[in-house]
Amino acid sequence: MSTDHMPSVRLPEQFREAFNTGSSAAVEAVYEPDGVFVDGPGNPVTGPDRKRANEKMLALGEPIEVRPRHTYVAGDIALLIVDWSIGEVHGTATDVARRGPDGVWRYVIDNPFGTA
């Protein structure tokens, strides 16, 4: 079942809260262990490379703002379309999340620049 703006998937807001602490450990906690971050078009990274890529975003020194546009949920999988900005840097993310056995949503794929 697809539902737009499903309130149970607060992952973009959780990411914002984690990012705005400035802590890379807090940001890493919103990903599944093998979760992918797309560091640029055609450049998916995971593990230590994902952490480094997020640290580059944190190093911009600005808070992130997020504006969820659409959320589509099928069971424990969600597709999130989210407008975001960090100072002058901005994009529309196309993300995939999964609800774990603990009920917490985490990124499986975080593609901050969507179709760019």
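Predicted model: local features only at pLDDT ≥ 70, side-chain atom pairs only at ≥ 80, totals over all residues.

Q: OK. Which strand is Arg106 found in?

A: Arg106 sits in strand 6.

Q: Is Arg106 buried, partly exposed or exposed?

A: Partly exposed. Its relative accessibility is 21%, and buried means under 20%.

Q: What does Arg106 touch, leaving out residues up to four places away in sequence?

A: Arg106 touches Leu11, then Ala29, Val30, Tyr31 and Glu32, and also Val96, Ala97 and Arg98.

Q: And how many Å separate the C-alpha atoms of Arg106 and Gly42?

A: 22 Å, with the two residues 64 apart along the chain.

Q: Switching to Glu28. Where does Glu28 lie?

A: In helix 2, residues 24-28.

Q: Buried or exposed?

A: Glu28 counts as buried, because its relative accessibility is 17% and the cut-off for buried is under 20%.

Q: Which residues does Glu28 touch, not counting those up to four places away?

A: Arg50, Lys51 and Asn54.

Q: Let's look at helix 3. Which residues of helix 3 are buried?

A: Arg50, Ala53, Asn54, Met57 and Leu58. They lie on the same side of helix 3, because they cover an arc of only 150° around the axis.

Q: Why would that spacing put residues on one side?

A: An α-helix has 3.6 residues a turn, so residues three or four places apart point the same way.

Q: What is exposed on the other side of helix 3?

A: Pro48 and Lys56 are exposed there.

Q: What covers the buried residues of helix 3?

A: The cover includes helix 1, helix 2, strand 1, strand 2 and strand 4.

Q: What about the span of helix 3?

A: It agrees with expectation. Helix 3 has 12 residues, so at 1.5 Å a residue it should span 16 Å, and its end C-alpha atoms are 17 Å apart.

Q: New topic: how many cavities of 30 Å³ or more does the structure hold?

A: It holds 1. About 160 Å³ of space lies in the largest cavity.

Q: How many residues line the largest cavity, and which lie nearest its centre?

A: The lining has 16 residues, with Phe15, Ile64, Trp84, Asp110 and Pro112 nearest the centre.

Q: How does that lining split by class?

A: 13 nonpolar, 1 polar and 2 charged.

Q: Which elements each supply at least two residues of the lining?

A: Helix 1, helix 3, strand 3, strand 4, strand 5 and strand 6.

Key: Residues numbered from 1 in each chain as written. Heavy atoms only, no water. Helix = DSSP H or I, 4+ residues; strand = E, 2+ residues; numbered from the N terminus. Buried < 20%, exposed > 50% of the residue type's maximum accessible area, 1.4 Å probe, protein only. Contact = heavy atoms within 4.5 Å. 1 Å grid on protein atoms, 1.4 Å probe; cavity = no way out; pocket = protein on both sides within 12 Å on 5 of 7 lines; lining within 4 Å. Points joined across faces, edges and corners; volume = space filled by probe spheres on them. Nonpolar A, V, L, I, M, F, W, Y, C, P; charged D, E, K, R; others polar. Expected span 1.5 Å × (residues − 1). Arc of directions from axis to C-beta.
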